[in-house]
Amino acid sequence: MIIAKKTLRLILGDQLNINHSWFKTVDDSITYLLMEIRSETDYAQHHIQKVIGFFAAMQNFASELQKLHHQVIYIKLNDENNLQSFDKNCNALISTHNFTHFEYQLPDEYRVDEHLKSFVSKLDISSSVVDSQHFYSTRNELRDLFAGKKIYLMETFYRQMRKKHDVLVVDGDKPLNGKWNFEEFNRQKLPKQHKPIQPLIFSNDVSEIEAEILKANVKTIGTVNSKWFLWPINRVQSLELLDFFVEYCLPLFGTFQDAMAPREWSIYHSRLSFSMNIKLLSPQEVVNKAIEKYKENPEAIEFHQLEGFVRQIIGWREYMRGIYWLKMPEYATLNYFEHTEKLPQWFWTGNTKMNCLKDAIDQSLEFAYAHHIQRLMVTGNFALLAGIHPDEVDAWYLGIYIDAIEWVEITNTRGMSQFADGGIVGTKPYVSSASYINKMSSYCTGCHYDKNKKTGDKACPFNSLYWNFYDKHESKLSKNPRIGMMYNVWHKMLPETKTELLEQAEYYIKHINEL
Ligand SMILES: Cc1cc2nc3c(=O)[nH]c(=O)nc-3n(C[C@H](O)[C@H](O)[C@H](O)COP(=O)(O)OP(=O)(O)OC[C@H]3O[C@@H](n4cnc5c(N)ncnc54)[C@H](O)[C@@H]3O)c2cc1C
Ligand code: SF4
């Protein structure tokens, strides 16, 4: 007897790539499976907007596939037959529907990759895995590029990617306009009277999804207006956001990339990370669109704005993925400074007198978003200076942001922001006193704390914590050529000044929940 081949293809919640070769032809012997499951809602305490965003986009993607006449099974969170994990649901469907073959796309997360590898190893039907066809680079491309090397410079990787994919390159291997890096033109503060563009937001009614999440008692953080869900939840909206970005934000993207201002929650940032991370948009189409816009109107978009943006995607985003696959699972255990403190309570409420932190946390709870420099130089900077355990910091970042998927969250948090990897991603810790925050924002004006005071009543906590951090980790940092200068300054301070600073820092760490 010949048994007809019946294939089950699993689509993960972050694999909503309609241009994947899987969907090029319609085949009745193939069934696509998407599922909303507790293993995914519960592996971190996610922001409510993140859970809703994923489910809404998955439901829309399933409908799109059905419209194209593909066969789809969609398991909802509260469905009676939902066994709440990938392996259990797949096993149940394979036996009830007599599937003869199972396929999946390479997951981006180590946890899910291991889970599915273990699942297929126990299957008694055949299985195969295909690429997700999303990234510029393969999982192991960074590993191969840096084979035998101890230092993994993002700049080296970025240039290689530009050359390989012929992006802003002339004569095969030379950078367009003579330089690879235009950072000196970027990173300015917002001028006093400058009002950034208001972000393009959507008004999706996702109240039914919210009700299902509440019914299931999924523990979440943050708030949502589910009648007016502002994030893009399908490809059409994602493309609209991309168009908005290249038209209105790209012309000032680089200039104000590091700027911060109270209640200005996205400045000129693209907010495309969610759409890209769940693959509604490909990095190639985002980069190509930006280049196309620049070519159409080079007077309106200076080259350094474009290069600054391309660098984030072809450089940082692909680089972080490469580091993740090179260093996991050990990466998730690294704690270079052996930090042990707990995250202050106010990271979950925004209830702090520190203006910069209050604003960054409040907007994270309200929008499930903060832009890069808020994540790095406000919340991340504080957590590192205060000696918070990287597990605590990771759990917070993995939960709170709509774009947080481990491959890009952990490398940024544990690596770039907390230097817990001892310098794999960054060449020095990103720490600062109040002076950097004041330079790049207007937060310090009107803050309860005084940016200029290092010790005493109302002294800005960043100031003493900063010197305390360098003092505590001198044996690990003093030989770093990018830091040596700070130790010269520290060593020249009067002993009583140093003692006062260290005592102030100790007081703040002891009373961290009251800051
Ligand atoms: C502590 C910390 C945690 C972070 N966690 C995440 C995360 O969970 N998910 C995530 O996607 N990004 C994360 N980032 C990187 C970056 O902050 C976000 O990608 C960016 O803020 C998303 O907003 P945007 O789309 O408006 O970005 P834009 O500023 O408009 O940048 C354009 C795109 O470049 C890419 N990009 C920029 N910087 C980085 C970077 N450092 N690493 C990888 N890609 C980058 C993103 O895809 C982004 O959409 C984190 C950064 C820090 C410092
Ligand atoms: S004074 Fe200190 S705490 Fe207040 S906004 Fe400035 S840097 Fe932040």
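1. Is Gln257 buried or exposed? Gln257 is buried, with a relative accessible area of 7%, where buried means under 20% relative accessible area, exposed over 50% and partly exposed in between, computed with a 1.4 Å probe on the protein chains only. The residue belongs to the loop between helix H8 (235-249) and helix H9 (273-277), helices being DSSP runs of H or I with at least four residues, numbered from the N terminus. If residues up to four places away in sequence are not counted, Gln257 touches Asn186, Arg187, His269, Gly308 and Gln312, a contact being heavy atoms within 4.5 Å.

2. On the basis of these notes: this is a predicted model, in which local features need pLDDT of at least 70 and side-chain atom pairs count only at pLDDT 80 or more, whereas totals for chains, interfaces and linings use all residues. Residues are numbered from 1 along each chain as its sequence is written, chains are lettered from A and ligands numbered from 1 in the order in which they are written, and side-chain values use heavy atoms, with hydrogens and water left out.

3. Arg263, in the loop between H8 and H9, has a positive phi of about 60° although it is not a glycine, and it is partly exposed, with a relative accessible area of 49%. Lys279, in the loop between H9 and helix H10 (283-296), is likewise not a glycine and has a positive phi of about 75°, but at 2% relative accessibility Lys279 counts as buried. Most residues other than glycine have a negative phi, and most peptide bonds are trans.

4. A further backbone feature is the cis peptide bond that joins Met328 and Pro329, with omega of about 5°. Pro329 is placed in the loop between helix H11 (303-327) and H12.

5. Helix H7 (residues 207-215) has Ile209, Glu210 and Ile213 buried. Seen down the axis of H7, these buried residues fall within an arc of 100°, so they line one face of the helix, the arc being that of the directions from the helix axis to the C-beta atoms. On the other side of H7, Glu208, Leu214 and Lys215 are exposed, while what covers the buried residues includes helix H2 (48-67). Just after H7, Asn217 takes a positive phi of about 60°.

6. Asp394, in helix H14 (residues 390-400), is buried, with a relative accessible area of 7%. Leaving aside neighbours within four places in sequence, Asp394 is in contact with Glu409, Ile410, Thr413 and Arg414. The C-alpha atoms of Asp394 and Tyr443, 49 residues apart along the chain, are separated by 25 Å.

7. Which residues surround ligand 2? They are Met354, Asn355, Cys356, Ala434, Ile437, Tyr443, Cys444, Cys447, Tyr449, Lys451, Cys460 and Phe462, each having a heavy atom within 4 Å of the ligand. Helix H12 (355-367) and helix H16 (434-440) are the elements that give two or more residues to this shell. By class, the shell has 10 nonpolar, one polar and one charged residues, with Ala, Val, Leu, Ile, Met, Phe, Trp, Tyr, Cys and Pro counted as nonpolar, Asp, Glu, Lys and Arg as charged, and the others, Gly among them, as polar.
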